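Dear colleague,

Please find the structure below, handed over for your use.

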Amino acid sequence: MNATPAARPDRPPPPGSNTGAPQDRPSASARGQPLPHESARAHVTGEAAYVDDLPELAGTLHAAPILSPLAHGRLLGLDAAAALALPGMVGLVLVADIPGDAMLAAQVRDEPVLALDELHYAGQVIGLAVATDRETARRAARRVQVLAEPLPALLSARAAHAAGQYVTPPVRLARGDAQAALARAPHRLRGSFETGAQEHLYLEGQVAYALPQEQGQWLVQASTQHPGEVQHWIASALGLASHAVQVVCRRMGGGFGGKETQAGQIAVWAALAAHKFARPVKLRLDRDDDFLITGKRHAFTFDWEAGFDDSGRLLALDLTQLADCGFSADLSGPICDRAVFHSDNAYFLENVAIHSWRCRTHRQSSTAFRGFGGPQGVLAIETILGEVARHLRLDPLDVRLANLYSLQERNVTPYGMTVEDNILAPLIGRLTASARYRERRAAITAWNAASPVIKRGLALTPVKFGISFTATLLNQAGALVHVYTDGSVLLNHGGTEMGQGLHTKVAQIVADELGVPFEWVRVSASDTARVPNASATAASTGTDLNGRAAQYAARQIRVNLATFIAGLDSCGAGAVRFAGGRVESPKATRAWAEVVAQAYANRIPLWSDGFYRTPKIHYDKDTLTGRPFHYFAYGAACTEIALDTLTGEQRLLAVDILHDVGRSLNPALDIGQIEGGFIQGLGWLTSEQLVWDDAGRLLTHGPGSYKIPTAGDLPAHFRVELWPEPNREDNVFGSKAVGEPPLLLAASVWEALRDAVAQARGDGLPVRLDAPATPERLLRALGGLDGISPRAPARPASPE
């Protein structure tokens, strides 16, 4: 499904001008329209400025990181003589140069700003080389010899689990008696599989530009999803109060979670260098260093045992999750919690025990990535149901339908939240019909019977994704709306723009609330000096939080103006209407700009702040129970693939998606997010393989060896439709979040591949496959690579 963006002038006329005057404009609401991204034209022309595009002040220095060559070791010292001899080299920044706290000011203070006496992973930053130009800084960093003694390294979650090494304590979530129900179940299966890490590979790499200001103050331009956290971390490292640090971000060239915490480190390093040399410093990682330094999506290892009846309904599930968290906690606690919360996906689990281990390894510290643990949890239950269906020789869709959450019963999650807005059955039913799933299933069975080499697979999988930060305190936002005397509007809010269209949606909300054309609203850079203490733009909450806060700010201005006009026209304020750039009362119709000018002359406030906190949510992090989510976003995808059983190569043939975004604020942006999320999930599950050698060094550290999907990987048939129902919870415009949930729809690709493998083998046995499903792994699953057959699962102990 394609949405056609509305036309937009190159330079919109001011509200009071004759060209494009309000009376010549349609009065349609800005909300719900497929308007183009507010910076789309600037993106295409190159006018849009990113951090590295900003003009550099005279005297700006450049920094490059000095990296650990060992996965684990004792740091003995550095030999920097060759580096310091380079022309243009200014000096080094080491841990002794940190004037404040030498540990990052994260929630779990277990990550040093720069390496102390122990090296924790190959790629850990030990220090910085600072020079008058970037290339000299990079050459100098590579000439520094790191003197270190190797120590034994833990390079997998299983190894860390065996050694009892964790970044946070384990968690167990249970309902009913899983072991007793397993013992009673008519059928039982067990298995294990792994999901790999994933690199964010944002188009704009990590970058920060730190500029010393007067009186010990700092301005930092950073490519970050969380300016407030960057501010806090820099202040901590420099030994300053937060009000001395201003962090600004106009836009990012992609983030996907990789600039939530990871961008803070880059900014801290730049600020430390600028502090030491009292000059502006820019730090921009090249792509290889970005891969080697920054965190990835968490790799998970799953061990499971399921009991079920003849229809495939689950009677019991015991699920162990081993998360490779890397060397520090970072966001692993809430990420692993969300993996636990989404291990039910769309299905009621009556007797369940989920054991979550957060394993400390000697790798990059795993971090946020689109879905934030949800994709791993969903993939586990979808894999299990696929195996149940194969064991019983049932259609996998029928097994999924048998396990769906119901409306009045079987409607409470294992963590105690009632699923109140359940649209799973009608949504899946509509997609089943529109994608012709039943007919295609019969046709594929016939095809595979006649095709000895190329086998096809088909799967339809649903998604139920919880929307809110699981940390309740983060579910708040602020915004500022300014109306100038010419009628133009400036908007600022705590969210950040990373290409997803957040600024566009929030501007649409404000334009609609004030009744002015979208072009009259501008959005300024995210700035800690304007909206303080803002939460990260993450957890798919950007529009929910910031859009509502901006709506409240605009609404207060509208109330001020309506009250003013009511006084002039002797009517009630509720009778004053704002639409199409005009203000109408029962007695008169006035141009917006005219009303604004009159209000200013009468000293009526033309600006306001707005604040919003998500209602209803509560969550006990010790018991993992409560209502952590405001609502759920739903969707389903039907995917068909072809698999070459001789080479392991696969091709995506057709994808049909029906996704729930509530009442869409902007269909063009929402459909773009659905398409992009699905393709990113496709990469995670099929081609994006990160490989470390036996010494713990990352070998795939660039696009030459790390393969993301390209245009050639899209299927010829790729159809996206939106579910036509508003959010049943009170959310802005009746919309729903859209950033993360679509990635989980790619589970249909995974299940379609496993379906093709099973049909090729025809033995009815479980399909032992790890993600990403590369050609080599698919051949192993087929039993066609060196005669390797699926291996038996190991069973680690539970957290009890």
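**Salt bridges in the predicted model**

A salt bridge (a side-chain nitrogen of Lys or Arg within 4 Å of a carboxyl oxygen of Asp or Glu) joins the side chains of Asp-289 and Arg-142, at 3.3 Å from N to O. Because Asp-289 belongs to helix 8 (residues 287-293) and Arg-142 to helix 3 (residues 134-143), the pair ties together parts that are 147 residues apart in sequence. Helices here are DSSP runs of H or I with at least four residues, numbered from the N terminus.

This is a predicted model, in which local features need pLDDT of at least 70 and side-chain atom pairs count only at pLDDT 80 or more, while totals for chains, interfaces and linings use all residues. Residues are numbered from 1 along each chain as its sequence is written, and side-chain values use heavy atoms, with hydrogens and water left out.

Asp-289 is buried, at 5% relative accessible area, whereas Arg-142 is partly exposed at 48%. (Buried means under 20% relative accessible area, exposed over 50%, and partly exposed in between, with a 1.4 Å probe and protein chains only.) Both residues also belong to a network of salt bridges that links Arg-134, Glu-135, Arg-138, Arg-142, Asp-286 and Asp-289.

A further salt bridge connects Arg-438 and Asp-398 at 2.8 Å, N to O. Arg-438 sits in helix 13 (residues 437-450) and Asp-398 in helix 11 (residues 396-403), so this pair ties together parts 40 residues apart in sequence.

Glu-751 and Arg-754 form a salt bridge at 2.7 Å, N to O, and both are buried. In total, the count comes to 50 salt bridges.

Yours sincerely

Notes: Helix = DSSP H or I, 4+ residues; strand = E, 2+ residues; numbered from the N terminus.
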